[in-house]
Amino acid sequence: MEKNAKIYVAGHRGLVGSSVVRKLQNDGYAKVITKTSKELDLRRQTDVEVFFERERPEYVILAAAKVGGILANSTYTAEFIYDNIIIAANVVQSAYRYGVKKLLNLGSSCIYPKFAPQPIKEEHLLTGVLEPTNEPYAVAKIAAIKLCRYYNEQYGTNFISGMPTNLYGPHDNFNLETAHVLPSLVRKFHLAKLLIQKKYDEIKKDLNMTAVGFNLNLNLDPAHLLEKLGITTEYLMLWGSGEPYREFLYVDDLADACIFLMERYNYKEIGECVNVGTGEDVKIKELASLIQKIVKYEGAIKHDASKPDGTPKKLLDVSRLKSLGWQSKTSLKEGLRNTYDWYLSRL
Ligand SMILES: NC(=O)c1ccc[n+]([C@@H]2O[C@H](COP(=O)([O-])OP(=O)(O)OC[C@H]3O[C@@H](n4cnc5c(N)ncnc54)[C@H](OP(=O)(O)O)[C@@H]3O)[C@@H](O)[C@H]2O)c1
């Protein structure tokens, strides 16, 4: 990508998009175009066409999507399939129509089959049944990858897909109803620590700063309210058994990989998609105890095994990306520290 090229980052306020924009700006890319979903709702085909016709971006990084954890995925099923299909279809079609040189579509590790062999290779896409709790999202994201592929085949475009593992970092979603496991753990440990310390004003400040979800009445007294979230003065109750293994990539590493892929990955040479991860996973229980140490929570941890765990293990095979010359740099400990520091800086 030329430093003065017009680059449209869709979803620039999100976890991924905000990091990609920071990285592009730090690297000296001068013409980064962004629009909030209010300014441009990517579900509206005509609006998307008008935008592409007017702005004529040369490169597109598609990081706009409806994203969430197990609970949000299994609650807002229609929105997860519709929004994600229509956003991808509108952006890919306009990118083709208005001559975008390269488009990077963001897929996800959770769209591979539930029982894919581990570590998961790119070839495992569509080789088995999906995890039921996120099937609507997965079907839409798979459709996006196939859209890119078949536009490349029929129209000779260069639309590529990266398959990031679970991401985390500054600007993540900390709403406990819709968040992924890692930010949800960070916030719960933080609230649990405040409860033990009887810092009720700080708890209130936290609850008012970021939506907590579950339609909770914020006027309840803090201890009563936190109990509804499984947080008491004695213990913190976590969703699921804590036994599944997950891989986590710090979002600034993903942003670095996105720019790398825009430079080095062409559909014709590499194919449909490339996994982006660290190549290492950790048990959710171990992740919880790492966060416990970083937050300095001194109470007990309990696991509610009646809540769904999702896929037992999910580790990406990152050899394709490694062979291109990219590797992640941020350790889980360092990334968690940065994430917690960012969380605290907003309170
Ligand atoms: N988070 C992860 O762990 C993870 C892992 C693997 C892959 N991914 C993929 O990475 C991409 C970005 O995820 P993320 O975690 O950064 O999501 P996010 O933090 O929820 O941000 C999503 C962004 O999409 C935008 N958006 C949503 N609906 C839109 C619409 N109708 N029109 C225009 N913009 C819309 C939002 O814009 P506004 O803020 O302006 O409303 C928001 O900034 C997704 O494709 C996701 O599947 C994420």
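Modeller: We can go from the overall build to the sheet, and then to the ligand. Keep in mind that this is a predicted model.

Biologist: Fine. How many helices and strands are there in the protein?

Modeller: The protein has 13 helices and 13 strands. Its radius of gyration is 20 Å, close to the 20 Å that the globule rule gives for 347 residues, so the protein is as compact as a globular protein of that length.

Biologist: And what does the C-alpha trace span along its principal axes?

Modeller: About 60 × 40 × 35 Å.

Biologist: How much of the protein is buried?

Modeller: Buried residues account for 47% of the 347 residues.

Biologist: Now the sheet. In what order do the six strands of the open sheet come?

Modeller: The order is S2-S1-S3-S4-S5-S10, and the pairing is parallel.

Biologist: Which strands stand at the edges?

Modeller: S2 and S10, the latter covering 273-276. Each has a single partner strand, so one side of each is left without a neighbour in the sheet. From one strand to the next, the twist averages 20°.

Biologist: Let's pick S1. Is it mostly covered or mostly open?

Modeller: Mostly covered: S1 is residues 6-10, and four of these five residues are buried. S1 pairs with S2, residues 31-33, in the parallel sense over three bridges. One example is Lys 6, whose bridge partner in S2 is Lys 31.

Biologist: Where do the side chains of a strand go?

Modeller: In a regular strand they alternate between the two faces of the sheet.

Biologist: Changing topic: how many residues surround the ligand?

Modeller: 25 residues surround the ligand, and the closest are Gly 11, Arg 13, Gly 14, Val 16 and Ser 37.

Biologist: Which element gives the most to that shell?

Modeller: H1 does, with three residues. Helix H1 (15-26), helix H4 (77-97) and strand S6 (166-168) each supply at least two residues of the shell.

Biologist: And how do the shell residues divide into nonpolar, polar and charged?

Modeller: The shell around the ligand has 11 nonpolar residues, nine polar and five charged.

Definitions and conventions
Residues numbered from 1 in each chain as written. Predicted model: local features only at pLDDT ≥ 70, side-chain atom pairs only at ≥ 80, totals over all residues. Near = placed C-beta within 6 Å. Helix = DSSP H or I, 4+ residues; strand = E, 2+ residues; numbered from the N terminus. Nonpolar A, V, L, I, M, F, W, Y, C, P; charged D, E, K, R; others polar. Buried ≥ 20, exposed ≤ 12 C-beta atoms within 10 Å, placed from the backbone. Pairing = 2+ DSSP bridges. Axes fitted to C-alpha atoms, helices over the stretch in contact; angles between N-to-C directions. Rg over C-alpha atoms; globule rule 2.2 N^0.38 Å.
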